[in-house]
Amino acid sequence: IIAYPMYQEMLRLGLSVVSVHKGFPGQVSQAEAEFVKTTDLEVATRDWPDLDFVVYHSGYFPPPGDGISLFLQDIAAMGPRENLYAEVGSTFANSLFSPDAAAHLLGQLMDALGSARIVWGTDSVWWGSPQWQIDALKVLQIPESMQEEFGYPPLNDCDKERILGLNAADLYGVDVEAARGE
């Protein structure tokens, strides 16, 4: 509720995308760690349907945390929200230490939100050039065994194009065809 005046001002100014840092609590106290949990998104996305909320890191809590489990629980509890997006940032980079973990991460997000509401991010400031992450996503597949066991959809080229940029272009009002011609 403390952010509501800012949301109102955003709408007044014609802004519509709220990027929120959730997950990766770093070196903070237990009380401060509450601010990077995703539990406040249900109310914010409900109360502000004209704003799109991009959840950086998909609410990832590194080990000994629970990964994106809290975020997935929060999504399931709130029901469909067309104004909620998951940004993968360092979460995807961390998952690449195990190809199965990367497939599981994207499978969970696609199952919960669909590929049209996953936004690419690299956190290049921490990881350096993002090319290795881009290359990894381009070849990543969700194994049939995971699709069968967990009900994940396959990860196809259309999904990858959305995740790698088309979703963000849509969110920020970028005309992809015009931008390609520049």
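Modeller: A residue is called buried when its relative accessible area is under 20%, and exposed when it is over 50%. Partly exposed lies in between. Keep in mind that this is a predicted model.

Colleague: How many aromatic pairs does the structure hold, and are the rings of Y4 and W48 stacked or edge-to-face?

Modeller: The structure holds nine aromatic pairs. In the pair of Y4 and W48, the ring centres are 5.2 Å apart. Their planes stand at 85 degrees, and planes over 60 degrees apart count as edge-to-face. So the pair of Y4 and W48 is edge-to-face.

Colleague: How many residues apart in sequence are the parts that Y4 and W48 tie together?

Modeller: Y4 sits in helix α1. W48 sits in the loop between α3 and β2. The pair therefore ties together parts whose separation in sequence, in residues, is 44.

Colleague: Are Y4 and W48 buried or exposed?

Modeller: Use the cut-off of under 20% relative accessible area. Y4 and W48 are both buried.

Colleague: What is the angle between the planes of Y7 and W48?

Modeller: Y7 also forms an aromatic pair with W48. The distance is 5.5 Å, centre to centre. This pair is edge-to-face, and the angle between its planes is 70 degrees.

Colleague: Which residues form one aromatic cluster?

Modeller: Two of its members, Y7 and W48, are buried. The cluster as a whole consists of Y4, Y7, W48 and F53.

Colleague: Which residues does F71 contact, leaving aside its neighbours within four places in sequence?

Modeller: Contact needs heavy atoms within 4.5 Å. With those sequence neighbours set aside, the contacts of F71 are T38, L41, V55, S58, G59, L84, A86, L109 and L113.

Colleague: How many residues apart are D40 and K22?

Modeller: The side chains of D40 and K22 meet in a salt bridge, at 2.9 Å from N to O. D40 lies in the loop between α2 and α3, while K22 lies in strand β1.

Colleague: What separates R162 and D159 along helix α10?

Modeller: The side chains of R162 and D159 meet in a salt bridge, at 3.9 Å from N to O. Both residues are in helix α10, three residues apart. Their separation is therefore about one helical turn.

Colleague: Within what arc do the buried residues of α8 fall?

Modeller: The buried residues of α8 are Q133, I134, A136 and L137. They line one face of the helix because, seen down its axis, they fall within an arc of 160 degrees.

Colleague: Which exposed residues does the face of α8 turned away from its buried side carry?

Modeller: What covers the buried residues of α8 includes α5, α6, α7 and α10. The face turned away from the buried side carries the exposed residues K138 and V139.

Note on methods: Residues are numbered from 1 along each chain as its sequence is written. This is a predicted model: local features need pLDDT of at least 70, side-chain atom pairs count only at pLDDT 80 or more; totals for chains, interfaces and linings use all residues. Side-chain values use heavy atoms; hydrogens and water are left out. A salt bridge is a side-chain nitrogen of Lys or Arg within 4 Å of a carboxyl oxygen of Asp or Glu. Helices (H or I, at least four residues) and strands (E, at least two) are DSSP runs, numbered from the N terminus. Buried means under 20% relative accessible area, exposed over 50%, partly exposed in between (1.4 Å probe, protein chains only). The arc is that of the directions from the helix axis to the C-beta atoms. Rings of Phe, Tyr and Trp (its six-membered ring) pair if their centres lie within 6.5 Å; planes under 30 degrees apart count as stacked, over 60 as edge-to-face and the rest as tilted.
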